[in-house]
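Here are some notes for a first look at this model.

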Amino acid sequence: KVEMFNEGGEMKIFKDLKNDLLKRREVQFMIESDKNPGLEHVRSLLAEKLSLPHEHVVIKTLNNNFGANDFLIEAFILDFIFLNSLEFFIIAFILI
């Protein structure tokens, strides 16, 4: 799939696997941007694209080669919502 990224670049999804054992989807995609989009912005973009609440999305990595405009992102889409932010960070740390 290739869809337009909000800032004029493209979002290309390379991998979208369902992991039933860990109750999550594992997504790998690439976006084009002139600057680092930031974790929260990428999280909200992916949640919007997949029509999910942003609480379900955990960004694992956001990588870029120096001088390139392509950012490779790995994310988890969880099947459950965390109760509070402390629990979110503890479980996100364990999952990564």
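1. Glutamate 40 and arginine 43 sit 3 residues apart in helix α1, about one turn of the helix. Helices here are DSSP runs of H or I with at least four residues, strands are runs of E with at least two, and both are numbered from the N terminus. The model is predicted: local features need pLDDT of at least 70, side-chain atom pairs count only at pLDDT 80 or more, and totals for chains, interfaces and linings use all residues. Residues are numbered from 1 along each chain as its sequence is written, and side-chain values use heavy atoms, with hydrogens and water left out.

2. Glutamate 40 and arginine 43 form a salt bridge, with 3.4 Å between the closest N and O atoms. The term means a side-chain nitrogen of Lys or Arg within 4 Å of a carboxyl oxygen of Asp or Glu. By this rule there are 3 salt bridges. Glutamate 40 is exposed because its relative accessible area is 52%, whereas arginine 43 is buried at 11% (buried is under 20%, exposed over 50%, partly exposed in between; 1.4 Å probe, protein chains only).

3. A salt bridge also joins aspartate 16 to arginine 25, the closest N and O atoms being 2.6 Å apart. Aspartate 16 is partly exposed at 40%, and arginine 25 is partly exposed at 22%.

4. Glutamate 26 and arginine 24 meet in a salt bridge at 3.2 Å, N to O. Both glutamate 26 and arginine 24 are buried.

5. Serine 33 lies in the loop between β3 (24-32) and α1 (39-49). Serine 33 counts as buried because its relative accessibility is 6%.
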